[in-house]
Amino acid sequence: SFLYINKKRKFATEPAVFTPKHCCCCCCCCCCLSCQGNTESCSSSSAVMAQLLALCALCAALCALGGAASSIKFNITTTNIAASWQSSEFGNRCFRDTAVLEQWDYFHTTDTPDSHGCQWLLIKLFRAIRVQSVTVYGRAAVPSRAQNIEILLSDRLPSGLNASGDSCYGTLSGSLSSLTQCGVTQSEQTQTHKVACSYSGCPNLTEYILLRKNVRNETYKYLKYINFQALEVEEASQNAQIYRCEVSGGRLSNCRLNALQTLKNGDRACMKVCPPCQLPTTDAASCHIAAPSGRITQLRVNGNPDFFLIVIFIPTAESQGGNFTCNFNCSNELPQSATEPIGFFEEKPRSVSIEPSNRVQIGSRIFLAPGMEFHFSFITEAAYPSPIHACRLVRTSERETKEDTSGVQLHPFTERSLTDASSNKSHAITKISEYRLNISAHMQAAGQKIQCVSTVGESSGKVGKSISLPELVVQSKPEFLLPPITDWKDGHSVSVAVDSTTDSSVSTSHRCLLETRDGNRSLNLTQGTNQLSTFKMNVDRHWGSPASLVCLVNQSGLIQTWTRHRLPKVLYKAEGLAIRISSGDLVSDEEASFSVTASDSGYPAALHQCRIESKSLGEDKTAESDGSSHWRFTPQRGHNGERIRCDVVQKLSGSLIFSQTVNSSKLEVKYRAIVTWPSKIAPKKEGEALSFVVLADGNPEPSSQCWLQLVSGA
């Protein structure tokens, strides 16, 4: 098995190591990367060194047999350039003396160009390489300063360079014919500008890279700079390379690597093959197409083996998913081969859609909570090649099918691609781009919408979809609708309502709890309409004070807020009423006292009204905190056997809530006896019986003793 090494770029940490060879054998990678070009670190032992060199030779042989290695990407820093010159500098810093990725995070010229109206940077690499692409990473703050930079390559120092001594400043004059253009960074609002070099022939060695920008006609000062954060160079494989080219006027142009991945039905493929070694004749190379079915189709090979070979074929439905392979019988090396996978015909998307996730949709209207990110996915289903997605904020007046490139570009939070599960389109790709966007009231007032465009291949065209910005939901201010406080009586049933009416069209529901000193109790909804909910509860004096109604107001899941409302105090009767007469006997015409007591004073506080028979015993008295009141009165003999009666009245805001009467036991009043003699005793004859009645009325009941007093006094 073989390992293809591909060093990825690392910002501001460590530069990639420059290695003159590319290993592909798992067991030899460490050897090649450690020894080649730097034998000092491996020279501690001649025996060890010999073993390492032998392993490296074996590695090279295995690599030759194993096929072409992939490209290597590395960042350009002071560790892998031999020299540099520039038209101007900003901050007294030279590129060659500054570790761009270690000490200073960007390269910057002044706004004054050279005599030709250009700003430029010329870099000499430590060794010559074949350049496949150059990537310019602009600064996030000013990405436009990395636009329209021309990238030129050369295997020798341009003859027009004038520089004095060790200075990093110079001028470029005269002919620059030794340089070949790789390409130009595009005028796009992006931070990353990758320029893939297009060659009419096979790639030449490059030792010098010139970045040049013509700013002569720039009127805006800040566009007169060259300013970027980092440079990345992709080194082309030194093994065989296969390009797909366009033919115009009998010449090859726009040659691209990995260009067989996307095909058009019936389109002709013109392949330029760069041999990995010297070939004695054109016949020393043979190329064929291996279809997934196993069928091999031999192809005709033309061209000059000293430069490049030409192979032309027309992809068919059978060749989709197969391989284009060329074998080389090298003059002085082992045979080698190179393979280019063949892709599939372009497939138009099955569907393209925008799918909001965290929102509430009512008809065509979408609602979102203020301050909440709007999450949506742009989905292209079952297309080939992989779709390219672009979403922007645009004016709502734009038609959905017309792409508005002037809008604000949105950057996806994540992107993923899935293969189609259906067997007949296993190559089809479903791409999902997920976006997160903060919606402001200003966006809505400006009349904006979201427009997304999916681009598939070159012939399938673009498909656009639009979606209106979500409407921001106004948080409701719930109102509690309670019965009058006089209805909150112990044991009674009451209905309470929560009204969260707003101007928003989203539905609002409520979930309410009764919060008491003993814990929370769920309330059952008895009636509910949009934004208004009614609950029923049985009033209980044991709730404690204060009890509260706690409700969760749910606006379609977008806004959920808890709100609390204190309930009125529960009304209940005073309990355990009694009249207690102070100890001792009640004696007529002597002052006595009694109290009205309660085991529970109830709520509201009671008013006591006391009387004997119908005669009031004084002004009404408000019960004390323990529910009692205290009275003084003077019992009369006529009160004996009567009862003290007290009305216990509980009122709230002038309304009678409860009324009850408590009676004492019968009074026993002690009083002095009153003796009543008969008004006249009838005369009697001697010997007749004399009878008469003497009435003695008193309490306790008097006993009587009578004497007959004679005239004589006896």
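1. Cys245 and Cys255 are both buried. In this predicted model, the two residues are joined by a disulfide with an S to S distance of 2.0 Å. The torsion about their S-S bond is about 115 degrees, so this disulfide is right-handed. The pair links distant parts of the chain, 10 residues apart: Cys245 belongs to strand E13 (residues 241–248) and Cys255 to strand E14 (residues 251–257).

2. A disulfide is also formed by Cys277 and Cys330, with sulfur atoms 1.8 Å apart. This link is left-handed, with -75 degrees about the S-S bond. Its partners lie in loops: Cys277 between strand E16 (269–274) and strand E17 (285–290), and Cys330 between strand E21 (323–328) and strand E22 (336–341), 53 residues apart. Cys277 and Cys330 are buried.

3. Cys287 is joined to Cys326 by a disulfide, S to S 2.0 Å. Its handedness is right-handed because the torsion about the S-S bond is about 110 degrees. Cys287 lies in strand E17 and Cys326 in strand E21, so this pair ties together parts that are 39 residues apart in sequence. Cys287 counts as buried at 1% relative accessibility, and Cys326 counts as buried at 0%.

4. Cys270 is in no disulfide. The nearest cysteine sulfur, that of Cys245, is 5.9 Å away, whereas a disulfide requires sulfur atoms within 2.5 Å. Cys270 is buried, with a relative accessible area of 4%.

5. By the distance rule, the count of disulfides comes to 7. Among them are the links of Cys245 to Cys255, Cys277 to Cys330 and Cys287 to Cys326.

Note on methods: Residues numbered from 1 in each chain as written. Predicted model: local features only at pLDDT ≥ 70, side-chain atom pairs only at ≥ 80, totals over all residues. Heavy atoms only, no water. Helix = DSSP H or I, 4+ residues; strand = E, 2+ residues; numbered from the N terminus. Buried < 20%, exposed > 50% of the residue type's maximum accessible area, 1.4 Å probe, protein only.
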